[in-house]
Amino acid sequence: MGKSSSQVVGYRYYAKFAAFIGNRIEKFLGINFDNRGWINKGKDDTSDFLAINKQNLYGEAEGGIAGVIDIHLGTPDQEPNLEYQKYFPLVSGYPYQSYLVFRGEEGPDFSGVGGIYEEVANILGASGRSSFYVGNSGYMKEMLLWVKRTRVRNDGSGQWYEVRGDGAVVCEIGTKSMSSSDIEGKDFNFSFKVKNTDTFTRPGRENEIIDEREVNVVYKYNPATDSFIPSNYSTADYYIRSPSYGHGLYYYYEREINIQLAGMGLVDLILNVKMKSLDRPEIEITGGFISSIDDQTIESTDERGSISRNGTYRATVLAQGNVTVKLTVNRALDGFEEHILISTFQLLKKSFSKIYLDLDENPDINPIHKIREILTDDTAMGKPGSDVNDMNFMKAADRIYDEGLGISWAINEKSCIEAIEELCYHVEAGIRVNRQTGLYEMVLFRDDWFDEEEIHTIAENKIKDLSLEVMNSDDIVNQLNVTYYDRERIKNSTFSVYENGSILTIGHANAESVEFPYFMNMRNAEIVANWKLKQFSTPAWSGSFATGWKEARKWNRYDLIRLPWSKKWNGTILVRIMKINLGNCADNAVMIDFEEVIPYSGEMNTSIVVDAPVESAPQTPQPSVNAVFEVPYYLTVLRAGQTNADLELSNNPDIGYVAAIAAKPQNNSLNALLYTDGGVGKFEQVSRLDYCDVLQLDQPITETTTSFTVTGILTQTANSNNLILLNDEWMGFISFDNETKVLTVKRGVLDTVPKKHSSGSLFVIDLPDVAFDSIQYAQGEIIEAQVLTTTPSGIQELSVSGAGVEIKSRAIRPYPPANVKINGTYYPETIIVANDIVLTWGDRNRLQQTGGEILGFFDGGVTVESDVTYSYELLSESVILSSASGITASSATIPASVLVPNKPHALKLWSVRDGYESYQIFEHFFFVEAVSLILSANTTSNNVSGNTLAEANIIVNVDTSLSANMRFDGSNIKGKAPAGSIITIEVEE
């Protein structure tokens, strides 16, 4: 009789793992395994996990999935995952990083929850599994993640411009805005915090805080006034009683209210003020975008001259983050009266979005918001919000919202410039820096984007060197094959658009392909594809011209010009500036490249005159003026963000990065390539750079020179965010006069100190102009680098060797001391041997100085970086006369006794932290002089008295033969002599 046996027919596989999504997200909407359908998280589900029970998702043989997915959105205060922490106790919470943790039933207690959560807990708990069931095949199948981030920026703050006046949520496209009926009768508790800090000044008690509190306010919508009004506070919460210390005294009041308005969009902020004072109060509102301030205060004067005010200050603000209102009274009158500053505020329903209705499951982000985020986020280009023309960007965001051209994207790695260009391509737009304001602006290529008065005109006699060609003249494109991403089908999809009239005219179709990877529906792709097809299928003029007309210097890229040229057309044609060059020191003419504007509506013009093509041999790539250097900490932060930079340095403080900048050597050069040998002698391409402007020093400058003449021009608008590199000294840009060629700068910024310069190239850069080698190099390595220029026809050849850069761990080193003075003077040439040297300086902070205005060497000090001390050495003829280290103060005294008379001396001063000395040190050479005779004396008939230095020897010779003391004052002779003396006076004729 046979013996029975068991047979294994398959295995079930379980795993615990983390899957990182990327940067900050707002919501996790769903997951799709192996394209088997979406498993969605409920709209009203606010939990931070998703429980799944799909054990037969892949079929009977392959099983399915079951378990719990912990969701981490990447908030700034994100805590470590508890399950992850079991195995890695010191694991990070990964702030600003969104990720998922797949696990079993361990974790949150699901008992009593019911539904899918309790069901999964029971299934996994009964099986004794604490891991995620991934199926029967032994590997995890492909997953698609559906996430959303439209109303939250990468740093976790609310969108820059979320809701406009009509209630439209312009930051996302595809979501229904709230109406009055949606919010009527509801209470909205915003945890609205008002912090009142009131100070006054009187003799003996300056800046004393007399009132400080916080008030939480609940707002209720009032349909009668269509506004939000506070419902739970008393005006007594805002009363301030000025202390009475004597009749006739005046006090200085400063009342500051910090209002948390993030996410409320445009509101009318009303401040009701009632007070008495001798001076008119000042209102200052900061934080958020301010569109207007309206002073409606009513004044009256009493018999004592004090002014009673009872009225309102009203401002329309775009509330993002904290809005600070500061009311300043220079002279409040004390007369044993109560002086009250009542400040209340009312949110009018211009817009509202704190509570919103996601009626559309598939909202896209407004591409204008994404472009602005790339510009301003510290993990991208890191520009301050003040560098962006918010009114212009709001106009563009409104227009894109009305057109419905929302985008969605998920990218792994892409340069900021490339990303912005792709977004602009999707919506037919361009971005520029306005040369008059220095602000970033959007230009939408629409028929009515510019008003009539904004379109430039130019007389034909002011145009010279005009060259023309006809775009699309050789082989007109009359068919576009369009690719976009179809969200519903979860795949790339294609369709074609045709210009039938053109196909009939030329007898065949000539097709091109366009891709819109960030459009999630055919509707958007079709709209933009039709716009582009009209441009491709319409012969139009393009070309360039030069002009010496000074008004042309005020024009900007993408501006429109009514261009006359009687040799080719009657009247004018409308052209768009595609590139503008302000010339150089040899030729100050403005060079403009243009393209004729193709209307998005209306009939096409088929009457065309074609110029004969002009052929010219392309110029081979020419060497560029460039600089290669180790990256300072500031640029490392701008490139990677301070969090990432500090994390890299904490892991390995001795690392250094190599970067390069270059000036454009020729007109047809596209960009330049950075090659490094990686320290092993074999050059490889590591990065690509855009050209920056370069000026040439036209005069020798000393350490204290801040304005000097240069040669060259700036083709791009520069502002306070631009840096200048001259012979290893970084400077901050202040201004440049195109007429006088005078450049004004801040000297010795970042980790450098001022130096003397007799010549050199001044590279005027912004972050996109810098090419970074992403390889981490160790201290002491010498990296050779080459910058090779490119043209459409070739690349400059590699040399056998390049410029050597020695890695000195520059990014981790503390900044050197600044604003150094010797005996109260900058860089003295001589010092008297009898005087002590009093050395003073200002503190700098590498970690703090990563945003805002760049500090120069001669600016005041800031809070010193933690653990930084200072050291100095005084030398003469290579002999150390005096030295000290571990100094925590910002001054030191060197006694005069160590000085050597009539000898040159060198003084060195530097900072130290954790064994790292500053990248550059302050060093100054001066001459020590011996004491000269300084005598102040009075004489009498029998003695001489006076004062001089102790070291001076004084010899007084007394002429005993002198028997008379006479004085001549120009007209009279007076004097005394002993009796019987003979006085002889000789008069010369």
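**Close-up views of a predicted model**

**View 1. Strand E39 and its neighbours.** Strand E39 and strand E42 (residues 742-746) run antiparallel and are joined by 3 bridges, where strands are DSSP runs of E with at least two residues, numbered from the N terminus, and two strands pair if DSSP finds at least two bridges between them. In this pairing, Phe708 stands opposite Leu743 in E42. Strand E38 (residues 693-697) also pairs with E39 in the antiparallel sense, over 2 bridges, and here Leu697 stands opposite Val710. Within E39 (residues 707-711), Phe708 and Val710 form a covered face, while Ser707, Thr709 and Thr711 form an uncovered one.

The model is predicted, with local features needing pLDDT of at least 70 and side-chain atom pairs counting only at pLDDT 80 or more, whereas totals for chains, interfaces and linings use all residues. Residues are numbered from 1 along each chain as its sequence is written, and side-chain values use heavy atoms, leaving out hydrogens and water.

**View 2. The ring pair of Phe857 and Phe922.** Across the whole structure, a search finds 25 aromatic pairs, meaning rings of Phe, Tyr and Trp (its six-membered ring) whose centres lie within 6.5 Å, with planes under 30 degrees apart counted as stacked, over 60 as edge-to-face and the rest as tilted. The ring centres of Phe857 and Phe922 are 6.4 Å apart and their planes stand at 10°, so this pair is stacked. Phe857 lies in the loop between strand E50 (837-842) and strand E51 (869-876), and Phe922 lies in strand E56 (residues 922-929), 65 residues apart.

**View 3. A cluster of rings.** Ring pairs link Phe20, Tyr84, Phe88, Tyr94 and Tyr99 into a cluster.

Technical notes:
Helices (H or I, at least four residues) and strands (E, at least two) are DSSP runs, numbered from the N terminus. Buried means under 20% relative accessible area, exposed over 50%, partly exposed in between (1.4 Å probe, protein chains only).
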